[in-house]
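Subject: Handover of the two-chain model

Dear colleague,

Please look it over first, and then compare it with the notes below.

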Amino acid sequence: MAYSEKVIDHYNNPRNVGTLNKDSKFVGTGLVGAPECGDVMRLQIEVGEDNVITDAKFKTFGCGSAIASSSLATEWLKGKTIDEALSIDNMDIVEELALPPVKIHCSVLAEDAIKSAINDYRVKNGLEAIVLEKSHH
Amino acid sequence: MKQPIYLDNNATTPLDPRVLEAMLPYFTEKFGNAASRNHAFGWVAEEGVDYAREQVAKLIGCTEKEIIFTSGATEADNLGIKGVFEMYKEKGNHIITAVTEHKAVLDTCKHLEKNGARVTYLGVKEDGLIDLAELEAAMTPETILVSIMYGNNEIGVIQPVKEIAAIAHKHGALFMTDATQAVGKIPVDVNTDGIDLMAFSAHKMYGPKGVGVLYVRRKNPRVKVTAQMDGGGHERGMRSGTLNVPGIVGLGKACELCRLEMESESVRLAALRDKLETTLNKMEESYVNGNTQHRLPHVANISFKYVEGEGLMMAMSDLAVSSGSACTSASLEPSYVLKSLGLSDDLAHSSIRYGLGRFTTEAEIDQAIEVTQKAVNHLRELSPLWEMFKEGIDLSKIEWAEH
């Protein structure tokens with residue numbers, strides 16, 4: 001399969017690879033996917049004042065599109081408020097990276113990872129978890 | 001060095017220039033139809049086909065009349081299995097095969113199940129070989145055919161063909177083998193091995209695509225298959241259709257070259273493969289898949305735990321290899337061959353197949369080792385699973401969100 005230039009760029013130069021302290025109450029961690037399905041994403045956000053995401057990191061086990069989707073997600077998350085982050089739709093990722101139909105699930109996983117990280121942060125800080133849309137089962 | 005380095009010779013091989021040279025006249029001046037009996041154009045084409053038939057027969061130890069030319073191994077598998085099923089209907093309807101067979105065999109069997117066949121799919125042991133006791137137990141008076149591949153395309157293991165043939169024959173069944181990966185690579189002799197039908201193709205042994213063979217035994221016993229294509233009655237009535245003369249001539253030449261060079265070539269390839277495999281297997285959490293004693297000399301299948309195969313292949317864009325992970329659908333199915341060895345899905349997703357060939361050099365293997373090591377290390381840096389493994393977290397205890 002031929003990958004788009006943007007996928008290749010994110011794959012070769014992944015942005016924001018790394019690990020934040022998952023025990024910090026300012027950090028939300030989302031771990032989605034499963035090894036037996038061939039992709040696992042871990043996405044973390046650090047939230048500062050006014051609910052602004054000050055840092056985002058990821059690590060991904062998966063194909064090039066999965067790695068690129070999560071790399072792009074961390075780029076987009078930085079500087080956004082939690083509410084803005086919640087509005088990131090998987091189709092935005094599909095469009096930006098020109099993912100083919102068979103790779104759409106990679107973008108869905110990235111969206112799930114964002115929401116799951118936000119929920120982790122919310123629960124840690126005494127807020128209710130947001131009910132996730134299960135659009136892809 | 002040519003980039004990328006081609007290490008996918010189980011998928012297909014490049015055409016040997018000597019094969020091309022043999023084929024070329026048959027596209028132009030020797031263009032005749034081998035079935036044209038009444039002029040020189042036909043005779044010249046027929047001569048070319050006859051000579052190729054001899055070359056093929058010599059490689060596998062049979063007579064010329066036992067060679068049926070087809071469009072490839074898939075057609076040969078179809079013709080052999082469906083042809084036997086139809087021809088021996090009176091005797092029984094039971095076929096035995098194995099779960100690690102190529103789709104050309106498995107899907108043909110599935111097709112026949114819809115037409116009244118009963119098929120037993122033998123499992124394999126964790127080294128990829130079938131259990132002979134299990135085969136013996138599966139034999140019934142209705143068993144007409146045992147079809148087990150010679151060498152596996154994904155992991156290269158060689159099945160105990162002689163023993164399988166003996167069991168089949170003891171119970172009055174025919175033995176067929178898909179030998180696509182083995183013929184031309186290791187000695188295959190239909191008489192020593194007790195083979196009644198055998199499928200293989202030219203493009204896996206430096207010949208052209210679009211041409212293959214079904215070997216059909218003519219003596220002890222005389223085997224017959226019902227034709228699957230109606231027409232001019234070519235190939236002794238078993239396979240109609242104008243012969244692909246240039247392809248057949250190329251196949252013949254390819255067989256001859258393999259016969260002459262196999263002995264030294266298999267030693268050379270095994271040494272290169274062992275170098276590749278031993279070095280890569282020294283990496284932490286890497287696993288060699290399949291039996292390492294009984295296998296083809298040119299194949300290595302290795303799982304690099306905690307990295308995903310397709311992602312890994314992308315990091316190794318300088319290498320043309322193949323992965324047991326198919327991340328192309330929502331279901332992300334890993335290789336059924338690797339799964340049947342009992343590999344967990346995540347290890348199957350982490351596998352890479354290296355297929356060496358006649359034109360593989362030692363410098364290319366050295367480069368392949370370097371590229372692989374670099375790519376695996378790079379992807380492990382990106383892998384949350386690797387990080388968790390390093391922290392001593394038991395991944396099997398985590399509740400993964402299935403998707």
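This is a predicted model: local features need pLDDT of at least 70, side-chain atom pairs count only at pLDDT 80 or more; totals for chains, interfaces and linings use all residues.

Where the two chains meet, 29 residues of chain B are in contact with 31 residues of chain A, and the area buried between them is about 2,700 Å², with carbon and sulfur atoms giving 66% of it. Three salt bridges are counted between chain B and chain A, one of which joins the side chains of Arg42(A) and Glu387(B) at 2.8 Å, N to O. The interface also holds 11 residue pairs in polar contact, both residues being at pLDDT 80 or more. On the side of chain B that touches chain A, at least two residues each come from α9 (309–315), α11 (345–349), α12 (362–382) and α13 (384–390), and the largest share, five residues, is that of α9(B). By type, the residues on this side of chain B divide into 14 nonpolar, eight polar and seven charged.

Chain B itself is divided into domain 1 (5–10 + 262–397) and domain 2 (17–257), whose centres, taken over C-alpha atoms, are separated by 30 Å. Here 24 residues of domain 1 are in contact with 32 residues of domain 2, and the buried area is about 2,400 Å², of which carbon and sulfur atoms give 57%. Of the area that domain 1 buries against domain 2, Met262(B), Tyr336(B) and Arg358(B) supply 28%, more than any other three residues.

How many salt bridges are counted between domain 1 and domain 2 of chain B? The count is zero, whereas 11 residue pairs are in polar contact there, both at pLDDT 80 or more. The side of domain 1 that touches domain 2 draws at least two residues from each of α8 (245–281), β10 (299–304) and α10 (336–340) of chain B, with α10(B) giving the largest share, four residues. The residues of that side divide into nine nonpolar, 12 polar and three charged.

With best regards

Methods
Residues are numbered from 1 along each chain as its sequence is written. Chains are lettered from A and ligands numbered from 1 in the order in which they are written. Side-chain values use heavy atoms; hydrogens and water are left out. Domain bounds come from an automatic or database domain assignment. Contact means heavy atoms within 4.5 Å. Buried area is the accessible area (1.4 Å probe) that two parts lose on being put together, summed over both. A salt bridge is a side-chain nitrogen of Lys or Arg within 4 Å of a carboxyl oxygen of Asp or Glu. A polar contact is a pair of N or O atoms within 3.5 Å; within protein, one must be able to donate a hydrogen and the other to accept it, and residues adjacent in sequence count only if both atoms are side-chain atoms. Ala, Val, Leu, Ile, Met, Phe, Trp, Tyr, Cys and Pro count as nonpolar, Asp, Glu, Lys and Arg as charged, and the others, Gly among them, as polar.
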